[in-house]
Amino acid sequence: MILEVVAYPNKILRKISSKVECFNEELHVFLDNMYDTMMAKKGVGLAAIQVANPIRALIVNIPREDDNQYKEDLLEIINPNILESRGEITWSEGCLSVPGFYEDVIRHDNILLEYQDRFGNFHKEWFNDFTSVALQHEIDHLNGILFVDKLSLIKRKKFEKELKKKQKA
């Protein structure tokens with residue numbers, strides 16, 4: 001089922017998400033719906049809060065070299081915690097909740113992430129490059145932070161101006 005993606009400046013996007021305690025069928029159906037939504041919207045990541053569910057869950061599916069996304073590459077990340085980070089990378093980011101706006105953001109190039117899967121099993125894994133960037137972007141959502149919050153004052157003003165223009169159109 002395709003869920004509605006909440007758009008900026010909706011205040012729910014600023015809410016801090018709650019820890020997932022129950023790893024049941026309801027969670028599994030919700031994660032499947034998140035995947036359907038992300039694919040329908042042509043995204044590479046989606047946090048639960050972006051579909052108005054304030055739980056610490058996110059998904060990421062990075063395209064392969066052929067530019068296709070394969071479900072077997074899907075990362076379902078529950079209750080993420082970045083344990084360590086290294087390096088720096090600049091990436092042009094966009095967001096399904098901020099459609100049509102892209103800007104360079106500086107992130108960590110490598111992160112060590114502890115998380116749970118849909119069944120509650122714990123994992124600890126290093127991620128790098130685009131996967132690291134996407135995970136940090138989605139984890140920010142769980143903490144009420146948007147990528148536009150990381151922009152310089154000049155770029156932020158440009159974003160606000162473009163947003164007002166779009167809202168008037």
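Tutor: What follows describes the pocket, its lining and the helix that contributes to it. The model is a predicted one, and in it the largest pocket holds about 350 Å³ of space.

Among the secondary-structure elements, β4 (89-95), β5 (98-107) and α2 (129-142) each provide at least two of the lining residues, and α2 gives the most, with six residues. Twelve of the 14 residues of α2 are buried, so the helix is largely enclosed by the rest of the structure; the buried residues run from Thr131, Ser132, Val133, Ala134, Leu135, Gln136 and His137 on to Glu138, Ile139, Asp140, His141 and Leu142. The length of α2 also agrees with expectation, because 14 residues at 1.5 Å a residue should span 20 Å, and the end C-alpha atoms are 21 Å apart. Just after α2, Gly144 adopts a positive phi of about 75°.

For comparison, the second largest pocket has a volume of about 160 Å³. Val20, Glu21, Cys22, Asn24, Glu26, Leu27, Phe30, Asn53 and Ile55 form the lining of that second pocket, which by class has five nonpolar, two polar and two charged residues.

Conventions:
Residues numbered from 1 in each chain as written. Predicted model: local features only at pLDDT ≥ 70, side-chain atom pairs only at ≥ 80, totals over all residues. Heavy atoms only, no water. 1 Å grid on protein atoms, 1.4 Å probe; cavity = no way out; pocket = protein on both sides within 12 Å on 5 of 7 lines; lining within 4 Å. Points joined across faces, edges and corners; volume = space filled by probe spheres on them. Helix = DSSP H or I, 4+ residues; strand = E, 2+ residues; numbered from the N terminus. Nonpolar A, V, L, I, M, F, W, Y, C, P; charged D, E, K, R; others polar. Expected span 1.5 Å × (residues − 1). Buried < 20%, exposed > 50% of the residue type's maximum accessible area, 1.4 Å probe, protein only.
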